[in-house]
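Please read it alongside the sequence and the coordinates displayed here.

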Amino acid sequence: MCGVDGAAPAPGDVAIRALGPGDAAGCDAIVASLPYHFGDGHGRELCAAAVREQDGFVATAAGMPVGFVTWRPWYRAAAEITWMAVHAAERRRGIGRMLVDAFLAELGPEIRIAVVTTLSEATPEPGVDDGYAGTRAFWRGCGFEPALDPAGWWNAENQAVVMVQALGP
Ligand SMILES: CC(C)(COP(=O)(O)OP(=O)(O)OC[C@H]1O[C@@H](n2cnc3c(N)ncnc32)[C@H](O)[C@@H]1OP(=O)(O)O)[C@@H](O)C(=O)NCCC(=O)NCCS
């Protein structure tokens, strides 16, 4: 479990705190550093709105945002991670895991199911070395398992997979 709001930062220079209005431009810059993963303009707009409206955490290094996660509640017992990214220059340092740990630690005991949606393995990414297979591996490493590929959620070219994690005892 990582530290939140003043607890010991790890790794090294990275701290996690609640996302605030002043972080929005920094989050936009993180998204801009990931042109493959955030290649869809509508998706970028939705993400930009989420970092301005939804609850979340931001990871900072030297005071600058280097990663973020946003979420929203659904039914009484479920919470969904809506958007998440770590700056291209800061990936694979453990920052994403810190953000997910912070999200999970924030949830009340009534929340029994955490949900995230990403690109399904049913959507091929030919010739892409750094695509959504890595993202799915990240989510599996954080305890999420693929549950269903709902038809028609996104568009004909991009099939979504809903990944879930059961929480609590
Ligand atoms: C996915 C993402 C948020 C993960 O953040 P991160 O800080 O890079 O991830 P971490 O360093 O915390 O990774 C933790 C572990 O997850 C796994 N993992 C992370 N990225 C991976 C990848 N690309 N391929 C395979 N495994 C990966 C590894 O087991 C890793 O541990 P290790 O580095 O010791 O092997 C980040 O890479 C990112 O912003 N990707 C592009 C945008 C995106 O996919 N957002 C999520 C949309 S649903």
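## Ligand site and selected residues

T135 lies in helix α4, where helices are DSSP runs of H or I with at least four residues and strands are runs of E with at least two, numbered from the N terminus. This is a predicted model, in which local features need pLDDT of at least 70 and side-chain atom pairs count only at pLDDT 80 or more, while totals for chains, interfaces and linings use all residues. Residues are numbered from 1 along each chain as its sequence is written, and side-chain values use heavy atoms, with hydrogens and water left out.

T135 is buried, with a relative accessible area of 18%; buried means under 20% relative accessible area, exposed over 50%, and partly exposed in between, with a 1.4 Å probe and protein chains only. The C-alpha atoms of T135 and D23 are 23 Å apart in space, and the two residues are 112 apart in sequence.

| Protein atom | Ligand atom | Distance |
|---|---|---|
| M84, polar backbone atom | nitrogen | 2.9 Å |
| R91, polar side-chain atom | oxygen | 2.8 Å |
| R93, backbone N or O atom | oxygen | 3.2 Å |

The protein covers 76% of the 920 Å² of accessible area that the ligand has on its own, as computed by the Shrake-Rupley method with a 1.4 Å probe.

Strand β4 also contains E80, which is buried at a relative accessible area of 11%. The side chains of E80 and W74 are joined by a polar contact of 2.7 Å; within protein, one atom of such a pair must be able to donate a hydrogen and the other to accept it, and residues adjacent in sequence count only if both atoms are side-chain atoms. In strand β5, V116 is likewise buried, at 3% relative accessibility. V116 and G43 are separated by 73 residues in sequence and by 15 Å in space, C-alpha to C-alpha.

The loop between β2 (55–61) and β3 (64–73) holds A62, whose phi is near 50°, a positive value in a residue other than glycine; A62 counts as exposed, at 78% relative accessibility. R92 is found in the loop between β4 and α3 and has a phi near 60°, again positive in a residue other than glycine. At 85% relative accessibility, R92 counts as exposed.

Terms used: A polar contact is a pair of N or O atoms within 3.5 Å; within protein, one must be able to donate a hydrogen and the other to accept it, and residues adjacent in sequence count only if both atoms are side-chain atoms.
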